[in-house]
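Morning, everyone. I'll take a few minutes to walk through one model, so please have a look at the screen first.

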Amino acid sequence: MNVHFTRTRAVLTAVGLMLTVAAPTAYASLDTDGASVRRGEPYVETQLFFGTARPDGGPAVTDAQFMAFVDKEVTPDFPDGLTIQTGRGQWRDASGTIEKERSYELILLYPQAQASSSDRKIEEIRRDYEKAFGQESVGRVDDRARVDF
């Protein structure tokens, strides 16, 4: 019985390893006539991270204030769409204190051909938020993406 159990375990382990190695390859290339299919157009995805706690100890930025900021400062420059998610975040401020706060993540997708003009608009959004709400920084992450709507 012990020999049978050992063989079964060895066979299952081998099958699991083969599936682990083969699965990414199968999903990575959707072949049509031997060529990989690439879906979507080249886009840039920018994530902006907005904190709500004020360094001066004043009241936190409210949902209404943040949405009014988005309506006035973001939507006119990115009318095709955006995504906003709420969260909890933390970061080390200029004085070395770890701040824990409610936050917003704003996700923008725009064609790679518009990256230069979008960059200027995004930097203006960051500066405007910092100024309007007394923030030290608005985090930014950019990544390439393939997008299909």
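Let me start with strand pairing: two strands pair if DSSP finds at least two bridges between them.

Before the details, the caveats. This is a predicted model, in which local features need pLDDT of at least 70, side-chain atom pairs count only at pLDDT 80 or more, and totals for chains, interfaces and linings use all residues. Residues are numbered from 1 along each chain as its sequence is written, and side-chain values use heavy atoms, with hydrogens and water left out.

So, the layout. The chain has 3 helices and 6 strands, and from the N terminus on they go α-β-β-β-α-β-β-α-β.

How far can we trust it? pLDDT, the predictor's confidence in each residue on a scale from 0 to 100, averages 83 over the chain, and 77% of the residues score at least 70. Helix α1, residues 2-28, has the lowest mean pLDDT of the elements, at 44, while α2 has the highest, at 98. Over residues 1-31 pLDDT stays under 50, and the model has 8 contacts beyond four places in sequence for that stretch. A contact, by the way, means heavy atoms within 4.5 Å.

β3 runs antiparallel to strand β6, residues 139-147, with 9 bridges joining them; Y43, for instance, has A145 in β6 as its bridge partner. β3 is also antiparallel to β5, again through 9 bridges, and there F49 is partnered with E105.

Next, helix α2. Which of its residues are buried? They are F66, F69, V70, E73 and V74, where buried means under 20% relative accessible area, exposed over 50%, and partly exposed in between, with a 1.4 Å probe and protein chains only. Looking down the axis of α2, the buried residues fall within an arc of 100°, so they line one face of the helix. That arc is taken over the directions from the helix axis to the C-beta atoms. On the face turned away from the buried side you get the exposed residues A64 and K72. The cover over the buried residues of α2 includes β3, β4 (83-92), β5 and α3.

That brings us to the core. A nonpolar core here is a set of buried Ala, Val, Leu, Ile, Met, Phe, Trp, Tyr and Cys residues joined through side-chain atoms within 4.5 Å. The largest one has 18 residues, and F50, V74 and Y129 have the most contacts inside it. Two or more residues come from each of β3, α2 (63-74), β5 and α3 (115-133). In soluble globular proteins, nonpolar side chains tend to be buried together. Take Y129: beyond four places in sequence, the residues touching Y129 are F50, G51, T52, V61, F66, F69, G134, Q135 and V138.

On to the aromatics. Rings of Phe, Tyr and Trp (its six-membered ring) pair if their centres lie within 6.5 Å; planes under 30 degrees apart are stacked, over 60 edge-to-face, and the rest tilted. The whole structure gives 10 aromatic pairs. One of them is F50 with F66, with ring centres 5.2 Å apart and planes at 65°, so the pair is edge-to-face. F50 sits in strand β3 and F66 in helix α2, so this pair ties together parts 16 residues apart in sequence. F69 and F133 are edge-to-face too, at 6.1 Å centre to centre and 70° between the planes. Here F69 is in α2 and F133 in α3, so the parts tied together are 64 residues apart in sequence. F69 is buried at 7% relative accessible area, and F133 counts as buried at 9%. Ring pairs join F50, F66, F69, Y104, Y129 and F133 into a cluster.

S103, in strand β5 (98-111), is buried at 16%. Leaving out neighbours within four places, S103 contacts F50, G51, T52, Q85, T86, G87, R88 and G89.

K121, over in α3, is partly exposed at 29%.

Terms used. Helix = DSSP H or I, 4+ residues; strand = E, 2+ residues; numbered from the N terminus.
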